[in-house]
Amino acid sequence: MSLSNQVAKFQVEVINFRTSKDYQYNLERIKKIIQNSPADFLLFPEVCLTGFDYENWNEVNEFGKVAIDELSKLKKSFAMTIIHEEKNYFVLFDNGLIYKRAKYNLFGDEKKHFKVGKEPEVFEWREVKIASLICFELRFIEYWIKLRGVDLIIVPARWGKERIEHFKTLNKALALSNQCFVVSSNSANEESFGCVFGAWGEGVEISDEFGISGIDFAKSKKVRKKLYIGIE
């Protein structure tokens with residue numbers, strides 16, 4: 001399917017959000033950021049509303065339902081992950097919740113608390129082939145192969161500071177390998193780093209809390225044609 005002019009180009013805002021211990025404060029701040037953003041789409045980090053607050057596990061899961069209900073009211077396109085039903089859900093909103101997938105590859109203490117979700121998959125949003133890789137899932141090369149041909153891969157993360165160079169390298173390598181756009185956001189509680197990389201490996205790295213970059217899917221098509229590796 002060819003992309004319409006409406007979605008061929010758009011502005012993405014990456015938010016390397018810093019999560020406080022006050023869930024409601026985090027939610028209100030996120031809502032304000034979304035409402036005031038000039039971008040067409042926003043990406044927030046993994047578990048940005050609550051963090052991995054295992055000591056208050058019941059409250060974390062209960063708040064997830066509240067947050068989804070509140071965020072569904074916003075007339076904007078954005079994504080993040082939210083803990084709910086003892087799963088870490090990637091959630092995509094576009095004037096309401098339109099897609100969710102729970103994290104499949106759990107890391108460290110996550111295995112003690114979370115239920116396993118399902119593997120990353122390709123889905124369509126606004127004529128765009130899209131997929132999500134939640135933090136640790138970025139390391140699994142079998143997904144890179146499975147997602148070949150997508151237009152956009154979204155990576156919300158809470159990637160450890162001591163491994164941040166891995167995160168930077170993997171994001172760019174994924175964009176180059178799949179000749180697509182990769183948009184990532186990492187929690188400022190670990191290390192503030194986001195990026196928007198294109199099919200040629202060009203793009204921006206965002207070390208501040210906020211950063212906006214443009215996406216032009218026509219560029220990906222040109223790269224795939226110029227350097228053909230079997231991806232249409």
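Helix α3 and strand β3 (77–84) each supply at least two residues of the lining of the largest cavity. Helices (H or I, at least four residues) and strands (E, at least two) are DSSP runs numbered from the N terminus. The model is predicted: local features need pLDDT of at least 70, side-chain atom pairs count only at pLDDT 80 or more, and totals for chains, interfaces and linings use all residues. Residues are numbered from 1 along each chain as its sequence is written, and side-chain values use heavy atoms, with hydrogens and water left out.

The lining of the largest cavity consists of V47, C48, L49, T50, V60, F63, G64, T81, I82 and I83. A cavity is a set of points, on a 1 Å grid over the protein atoms alone, where a 1.4 Å probe fits but cannot get out; lining residues have an atom within 4 Å of a point. Seven lining residues are nonpolar, three are polar and none is charged. The volume is about 50 Å³. Two cavities of 30 Å³ or more were counted. Grid points are joined across faces, edges and corners, and a volume is the space filled by probe spheres set on the points.

Helix α3 (residues 57–71) also packs with helix α2 (residues 23–36): their axes come within 11 Å and cross at roughly 25°. The two helices are therefore roughly parallel (angles under 35 degrees). The α2–α3 crossing is right-handed. From α2, Y23, Q24, L27, I30, K31 and I34 meet E59, V60, F63, A67, E70 and L71 of α3 (contact means heavy atoms within 4.5 Å). This contact has eight nonpolar, one polar and three charged residues.

The largest pocket has a volume of about 280 Å³. A pocket is an open set with protein on both sides within 12 Å along at least five of seven lines. Its lining has 15 residues, with F52, F107, E110, R158 and R163 nearest the centre. Six residues of the pocket lining are nonpolar, two polar and seven charged.

Conventions: Axes fitted to C-alpha atoms, helices over the stretch in contact; angles between N-to-C directions. Parallel < 35°, antiparallel > 145°, perpendicular 65-115°, else oblique. Left-handed = near helix turned anticlockwise from the far one by under 90°. Nonpolar A, V, L, I, M, F, W, Y, C, P; charged D, E, K, R; others polar.
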